[in-house]
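Biologist: I would like to learn how to read a few side-chain features, one after another. Could we go through them slowly?

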Amino acid sequence: MSELLPAGLVASAVVSASSANLGPGFDSIGLALSLSDEIVVETTDSGLVVLVEGESAEQVPLGPEHLVVRAVECGLRAMGVRAAGLVVRCRNAIPHSRGLGSSAAAVVGGLAAANGLVAQVDSSEPLSDAQLIQLSSEFEGHPDNAAAAVLGGAIVSWIDNSGDRPRYSAVSVRLHPDIHMYCAIPQERSLTAETRVLLPAHVSHDDARFNVSRAALLVVALTDRPDLLMPATEDVLHQPQRASAMPASAEYLRLLRRNNVAATLSGAGPALIALSTEPELPAEVVEYGATNGFALTEMTAGERVRWSPGVKVPG
């Protein structure tokens with residue numbers, strides 16, 4: 001039998017948005033962004049209350065199917081404890097269905113909040129970074145967004161399918177200090193599941209070789225040679241195939257790259273991530289974004305997930 005947590009424990013977590021793929025690093029390279037959600041969880045004697053404010057507050061479920069709730073319960077089970085009841089409060093700043101890792105943030109934040117609860121009892125150990133990456137990646141089937149949300153900054157992730165179940169791992173890489181990051185977020189939404197079906201089941205050796213070389217170069221560009229960001233962010237495996245589903249983003253992406261800005265889809269889109277060594281983007285790029293409904297924001301690398309036990313519940 002798992003241990004029952006006492007009522008009245010409170011814990012919080014702050015978790016970053018993320019951008020995955022960065023062009024050729026499909027399902028493997030990720031980058032945390034300086035935009036974050038906050039989660040506060042309280043144990044109670046019974047029941048479930050879910051309170052959401054901010055992004056998509058009117059569109060998410062407010063019951064046991066809520067992703068944060070599922071993640072909190074998953075984390076508690078993994079640590080051998082349970083709660084008779086929960087109050088889950090979410091303050092969402094990460095836009096949903098834009099390719100900015102909102103679902104990964106919800107899962108990582110829920111698991112981290114569970115850590116904050118368990119840290120207040122003596123009989124269990126909080127989840128390690130490796131466990132957070134494993135459990136959060138199991139929700140989505142790939143670790144790029146989840147690992148970036150756990151570790152912060154830039155990461156390289158991989159999957160080991162040699163055992164009974166996939167094992168998800170990641171390492172941090174040092175992001176070159178000269179790199180400036182910009183995110184272009186449209187009002188349009190897109191679901192990863194809907195755009196992933198546009199991808200072919202098989203690719204040619206030429207295309208595979210192209211992306212392998214660019215993904216390797218991308219790690220060099222991110223860490224030591226940001227002057228190589230343009231060739232390092234080229235991709236033939238997923239962005240061209242997704243273009244028809246998000247024509248506005250595809251056109252903006254072409255414009256950015258014509259202006260020598262190393263831009264890619266953020267994850268499955270439709271948001272874009274742009275990497276540059278210049279402190280400002282070209283005027284044509286800025287004007288196009290404003291005219292065509294893209295919120296263009298400069299960002300920095302997001303921090304690792306932060307969790308705290310014993311915080312005061314906001315009124």
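Biologist: Which ring does the charged end of Arg214 sit over?

Modeller: A charge counts as sitting over a ring if NZ of Lys or CZ of Arg is within 6 Å of the ring centre and within 35 degrees of the ring normal. Here the ring is that of Phe210, and the charged end of Arg214 lies 4.0 Å from its centre. Please keep in mind that this is a predicted model, in which local features need pLDDT of at least 70 and side-chain atom pairs count only at pLDDT 80 or more, while totals for chains, interfaces and linings use all residues. Residues are numbered from 1 along each chain as its sequence is written, and side-chain values use heavy atoms, with hydrogens and water left out.

Biologist: How many aromatic pairs does a search of the whole structure find?

Modeller: A pair of aromatic rings is described by the distance of the centres and the angle of the planes. Rings of Phe, Tyr and Trp (its six-membered ring) pair if their centres lie within 6.5 Å, and planes under 30 degrees apart count as stacked, over 60 as edge-to-face and the rest as tilted. The search finds 2 such pairs. In one of them, the centres of Tyr252 and Tyr288 are 5.1 Å apart and the planes stand at 35 degrees, so this pair is tilted. Tyr252 belongs to helix 9 (residues 247-258) and Tyr288 to helix 10 (residues 283-291), 36 residues apart; helices are DSSP runs of H or I with at least four residues, strands are runs of E with at least two, and both are numbered from the N terminus. Tyr252 also pairs with Phe294, at 4.7 Å between centres and 55 degrees between planes, so that pair is tilted as well. Phe294 lies in strand 12 (residues 294-299), so the pair ties together parts 42 residues apart in sequence.

Biologist: Is Tyr252 buried or exposed?

Modeller: Buried means under 20% relative accessible area, exposed over 50%, and partly exposed in between, with a 1.4 Å probe and protein chains only. Tyr252 has 0% and is buried, Phe294 is buried at 6%, whereas Tyr288, at 22%, is partly exposed.

Biologist: How many disulfides does a search of the whole structure find?

Modeller: A disulfide is a covalent bond between the sulfur atoms of two cysteines, and the cut-off used is a pair of cysteine sulfur atoms within 2.5 Å. The search finds 0. For Cys74, the nearest cysteine sulfur, that of Cys90, is 16 Å away.
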